[in-house]
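Good morning, colleagues. Please look at the sequence and the structure that I am about to show, and I will then guide you through some of the elements.

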Amino acid sequence: VPRHGTAEGDLRLASHSTQQRAATGAMAQNIPALLNHLDAHRESSTLSLAYASIADEGTVEVAKFARDNPFVKYLDLRGNNIQAKGITALANAIKLNRSLRSLNLKWNAVGRDPSGVAALADVLKSNLTIGHVDLRNNRINNVGARSLGEMLKVNTTISHLDLSWNDLGVDGGLALLEGLKHNSTLIDCQLSGSKVGEETLHEVAFLLRRNRAAAAYKASPNDTGAQVAAADPQTSHIAGGGPGANAGARSRDLQAGPLGGGGGGVGFTPGAKAPQGAISRAQWTAKDSSSLMLRLMMKEREQVLPEDKLFYQQVAEHIDKLLLESGKHKQGRTDGEEREKLSTTGFVEREQRYTKEIRQTEEALQKAIFDKEKLQKDMANKTVELKRLNEGNAEAIRESVALQEQATAEEQQLRKELREIIQSKRDLQDKVALSQKDLELLNQENERLRHHVKAFQRDVNEILT
């Protein structure tokens with residue numbers, strides 16, 4: 001039956017986890033710190049990163065860690081703002097993991113993108129180890145609920161599923177209900193604050209009681225209560241019952257038995273003879289309560305008045321609590337045995353793993369030695385080649401120096417000749433200038449002589465005349 005007040009309890013848990021967030025917050029500030037934390041818990045059965053703010057990037061590293069880890073059984077990633085990218089990576093890791101038993105993802109954002117929920121649901125369809133999944137307050141809508149409903153149709157290992165405080169809506173509730181009708185292993189499904197509707201909640205509660213009864217029968221098929229219930233035609237087919245069963249199943253009348261006649265009272269009718277196969281109070285055990293619960297469920301379906309239905313529901317819930325307490329004790333004993341087995345067999349597993357790692361290291365070392373020898377040979381060849389190239393380079397340098405010296409000498413000679421030519425040019429220019437000056441003087445003297453000749457001729461002509 002869905003619990004109420006879960007959100008307030010989680011808020012109190014969040015307020016009380018301040019110290020834990022302070023302790024893990026520093027670790028999650030960067031990926032190297034997260035990797036160191038994962039490496040320190042590599043052989044631990046429980047990995048808790050609650051409220052560590054690792055987001056999708058950190059979840060990818062956690063997925064790599066969990067993918068091949070044979071020790072981790074309980075993974076707690078609550079309050080880390082995990083979205084589609086992170087949950088998809090984690091789903092791929094779960095596909096290869098064979099040790100995980102419990103997955104806590106509450107207070108994240110897995111359902112913000114329905115593809116993340118779809119990836120997780122697809123992996124859980126074929127998973128054979130995970131029994132507890134907590135998806136409280138993950139923004140899962142009716143689209144994500146349809147993926148989870150399809151998962152429930154084929155999953156055979158999940159016994160506890162918490163979807164409280166998600167916005168599933170009526171359509172999402174119907175999708176979950178349809179999947180639960182085909183599921184026989186889920187015995188606890190929390191839907192508080194999911195807005196699936198009262199009718200859906202009642203039908204889910206009925207199917208969960210059916211699965212709990214079936215689980216009790218599978219756990220002890222040979223006990224007296226199970227044999228009595230199996231012999232009763234009204235309870236032998238209860239696995240196919242529920243609010244959606246056919247009208248013929250609804251109209252079946254209960255025969256006289258531990259519940260009495262049609263009066264609805266619990267117990268034998270005074271003075272009536274106990275039916276064959278009935279169990280005496282001294283022989284009654286907790287296992288035999290399952291047959292009584294099945295009869296109560298049948299009586300509840302037959303009742304018309306609400307108060308009668310409520311009475312049978314309360315009785316059935318009480319028996320559920322008793323069976324759950326018994327299951328918890330059995331689970332505690334089983335966990336203790338597993339821990340003891342792990343403590344004794346873990347050494348052999350680690351020894352085998354270390355032997356394998358040593359063998360791999362030796363093979364890697366041999367390969368490294370071979371590579372080293374090969375590299376040394378290559379280095380010797382390269383050294384000879386380098387020496388030859390150095391000698392050629394030195395010869396080329398010597399030739400280059402000689403050419404440079406020759407070019408320098410030729411350049412100096414040419415400069416000297418150029419200076420001599422320039423000096424000769426200057427001398428010639430001076431001689432030309434002197435010659436021009438002498439020429440001008442000669443021209444002037446010639447002009448003077450012409451005037452003198454003209455004057456002389458004029459004087460001669462005058463004398464002659």
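Let me begin with a question: are H3 and H4 roughly parallel or roughly antiparallel to each other? Before I answer, a word on the source. This is a predicted model, in which local features need a pLDDT of at least 70 and side-chain atom pairs count only at pLDDT 80 or more, whereas totals for chains, interfaces and linings use all residues. Residues are numbered from 1 along each chain as its sequence is written, and side-chain values use heavy atoms, with hydrogens and water left out.

Now to the two helices. The axes of helix H3 (residues 31-40) and helix H4 (residues 55-67) come within 10 Å and cross at roughly 30 degrees. Axes here are lines fitted to C-alpha atoms, for helices over the stretch in contact, and angles run from 0 to 180 degrees between N-to-C directions. H3 and H4 are therefore roughly parallel to each other, a term for angles under 35 degrees. On the H3 side, the contact is made by Ile31, Leu34, Leu35 and Leu38; H4 contributes Glu57, Gly58, Glu61, Val62 and Phe65. Contact means heavy atoms within 4.5 Å.

Let me place this pair in the whole chain. The protein chain has 13 helices and six strands; helices (H or I, at least four residues) and strands (E, at least two) are DSSP runs, numbered from the N terminus. Of its 465 residues, 36% count as buried, that is, under 20% relative accessible area with a 1.4 Å probe, protein chains only.

I turn next to the sheet. Six strands form an open sheet in the order S1-S2-S3-S4-S5-S6, with parallel pairing. Two strands pair if DSSP finds at least two bridges between them. At the edges are strand S1 (46-48) and strand S6 (188-190), each of which pairs on one side only. Within the sheet, strand S3 (residues 102-104) and strand S4 (residues 132-134) pair in the parallel sense over three bridges. There, Leu103 stands opposite Val133 in S4.

Finally, which strand holds Asp76? Asp76 is found in strand S2 (residues 74-76). With a relative accessibility of 11%, Asp76 counts as buried. Leaving aside neighbours within four places in sequence, Asp76 is in contact with Leu47, Ser48, Leu49, Ala50 and Asn104.

Conventions
Buried < 20%, exposed > 50% of the residue type's maximum accessible area, 1.4 Å probe, protein only. Parallel < 35°, antiparallel > 145°, perpendicular 65-115°, else oblique.
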